[in-house]
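Please look through the sequence and the model first, then read the points below.

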Amino acid sequence: MKSTLIDLTSRLQAALIAAFGSELAQTDPILVPTQNPKFGDYQANVAMSLAKPLRQKPREIAVQIVEHLDVSGLCEPPEIAGPGFINLKLKTDYLTAQLKTMQKSDRLAVEAVKQPQKVIVDFSSPNIAKEMHVGHLRSTIIGDSLARTLAFLGHDVLRLNHVGDWGTQFGMLITHLRQVCPEALTSSEAVDLGDLVAFYKEAKQRFDQDEAFKAASREAVVELQSGGEEALRAWQILCEQSRREFQKIYDRLNIQITERGESFYNPLLPDVVKDLKSLELLETDQGAEVVFLTGFTNKEGNPQPLIIQKSNGGYNYATTDLAAIRYRIQRDEADRIIYVTDAGQANHFMQIFQVARRAGWLPDTVEVVHVPFGLVQGEDGKKFKTRSGETVRLRDLLDEAVKRARQDVEQRIQAEGRSETPEFIQQVAEKVGIGAVKYADLSQNRTSDYIFSFDKMLALQGNTAPYMLYAYVRVQGISRKGGIDFSQLGTDAPVILADEAEFAIAKHLLQFDETLAAVEQELLPNRLCQYLFELSQKYNQFYDRCDVLQAAEPQRTSRLILCDLTARTLKLGLSLLGIEVLERM
RNA sequence: GGGUCCUUAGCUCAGUGGAUAGAGCAACCGCCUUCUAAGCGGUCGGCCACUGGUUCGAAUCCAGUAGGACCCGCCA
């Protein structure tokens, strides 16, 4: 099915050429949905912008465009309003035909992209030997949602977990464990991740205070990097253990991701240094090998260096990230690489991208993009922490959300005098709780800091997961009550639009593909959230105003089709956010 | 010193160079004999931080100012 926006845009472009010649072939007709229904459904704003170059009055330009415009299959006759707006109102026949096409399609007639790309989404990326915390939440669910959306649109998506599985912290940890808990280094059963986190904190403290310990730790890093068997074995055990814990979280969040940690790039690091050197980008500064950056200056006003190799010969994350870019472009053949990390790393990525570009590793045909997100804050506006000031563990946060969701469901069931099995209650609580956490995060523009509030995300009204899940449940309620199998609704049965609420839903349903295209471009999942919220609102209005099961045929079947399309759009849209629907709640 | 981002209703936030800037929450007023009221309708609420500029048109683009968050050589 052709997207309405794309179809109308190309028709407007044709009209521009027909009216004013081929020099306007590249002119954007500036077609946007109207904000006020009295102006129709779409408006083209191009006439005003052409007034100066064409030296004509905008309204006259609009008249000429409309004279050459063929939209008779889609729209009522175009109207020119105000200074030169071209207002387009979709024909009812067009709306119903499009809806029928959606109904027959197993993907709601959303076309796959014409030029699929190899896209890498780098997200989540927790650190080994540390617990996943609220800071990993945003990267994980935003990255997952983007990956799902791009894959649905037909791209070849590789989801990579760039876990922090290498570096000085392991020297520290191994040294400490050798002294206080050697069994942790020989068996992954000996301690759990919680213990490891405690050991890590102790090790860090010693590292900062104890010179001898610091030296021993550095020794251990060297041991590890040179492939010392015992150190390597210890490292593997630590990784395995962390991995098991991470997997529990990923299972619970329903996240699929391929682990390819920093250590993966270790063998490639010497070549990064070597090649930068032969390109004469590398310079020695205060004992370290650095690339001086353009556009970044230090406090003295001199060009700022990016450290590629430390004075002790070790590498740091810039080196790893450069190696990763090369690998992803050369070996993975990525066309687009998306990094979902916090906004604080914006500088870092600009620097990495600059060096990769200057080294010729990053051609213009490849798009690298940092997708930043803001901090998670508590309701006091400060960094999100527990009452005792600790970082909030992700598993505790998810437990809490589910617990609150369960209390809510139980209360409601009691109030309504229903009787439900414990399994049902548990399932609803889990899906509502996890869905609420995800939706609350995704529904905000990711670039701003995000105030975390259980009360708001689990609220039963407003732009929340429960609201949308409820709209979906309402549709399923109709199907149960009427014994309707939506998949068996006649494909020949007509869609009839009469009530204002029916028109509103119909038009909104047809904008699903435009919304997904916007997410693909802007990488902002909150656009999809906004769309789904509006769809839910429109459905609830429809539900309020229009009887479905009691309606007379053929209106009854027509309305059932609208219900079905709404439910399928909600289900698909929510799935692209990583949120599962419920049949009852 | 340099850089990035932010500032929109009491609160939390949307907002694509276009017509009268929108939601949700909170507050207040209504609507359940009828598909789950976790819903719907209504009222109230605005110097889009400020000052300029670009433009036929600016919350949106540019510059400056103020306030805030974050990053900037051997952590990631």
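**Briefing on chain A and RNA strand B**

Proline 554 is found in the loop between helix 19 and helix 20 (555–576); helices (H or I, at least four residues) and strands (E, at least two) are DSSP runs, numbered from the N terminus. The peptide bond that leads from glutamate 553 to proline 554 is cis, with omega near 5°. This is a predicted model, in which local features need pLDDT of at least 70 and side-chain atom pairs count only at pLDDT 80 or more, while totals for chains, interfaces and linings use all residues. Residues are numbered from 1 along each chain as its sequence is written, chains are lettered from A and ligands numbered from 1 in the order in which they are written, and side-chain values use heavy atoms, with hydrogens and water left out.

**Chain A as a whole**

- Chain A has 20 helices and 14 strands, and its C-alpha trace spans about 85 × 70 × 40 Å along the principal axes.
- Of the 585 residues of chain A, 52% count as buried; buried means under 20% relative accessible area, exposed over 50%, and partly exposed in between (1.4 Å probe, protein chains only).
- Among contacts (heavy atoms within 4.5 Å) in chain A between residues at least 6 apart in sequence, 73% join residues at least 24 apart.
- Chain A carries 67 positive and 79 negative side chains, and the centres of the two sets lie 3 Å apart. Lys and Arg count as positive and Asp and Glu as negative, with His and the chain ends not counted; the place of a charge is taken as NZ of Lys, CZ of Arg, CG of Asp or CD of Glu.

**The surface near RNA strand B**

- RNA strand B is surrounded by 65 residues, the closest being Lys38, Glu262, Tyr470, Arg474 and Tyr543. A residue is near a strand if one of its heavy atoms lies within 4 Å of it.
- Of the atoms of RNA strand B that come within 4 Å of the protein, 59% belong to sugar and phosphate.
- Helix 19 (525–545) is one of the elements that each supply at least two residues of this surface, and its share, 9 residues, is the largest.
- Two side chains make polar contacts (pairs of N or O atoms within 3.5 Å; within protein, one must be able to donate a hydrogen and the other to accept it, and residues adjacent in sequence count only if both atoms are side-chain atoms) with the bases: glutamine 43 has an N or O atom 3.1 Å from a base nitrogen, and asparagine 347 has a polar atom 2.8 Å from a base oxygen.
- Aspartate 544 places a polar side-chain atom 3.0 Å from a sugar or linking oxygen of RNA strand B.

- Glutamine 351 is in helix 12 and counts as buried because its relative accessibility is 9%.
- Leaving out residues up to four places away in sequence, glutamine 351 touches Leu293, Phe296, Gln304 and Leu306.
- Tyrosine 531 lies in helix 19 and, at 3% relative accessibility, also counts as buried.
- The side chain of tyrosine 531 reaches the backbone oxygen of histidine 508 at 2.8 Å.

**Positive phi in two loops**

- Arginine 55, in the loop between helix 2 and helix 3 (58–67), has phi near 55°, a positive value in a residue other than glycine. Arginine 55 is exposed, with a relative accessible area of 78%.
- Leucine 108 also has phi near 55°, and lies in the loop between helix 4 (92–104) and strand 5 (118–122). Leucine 108 is buried, with a relative accessible area of 3%.
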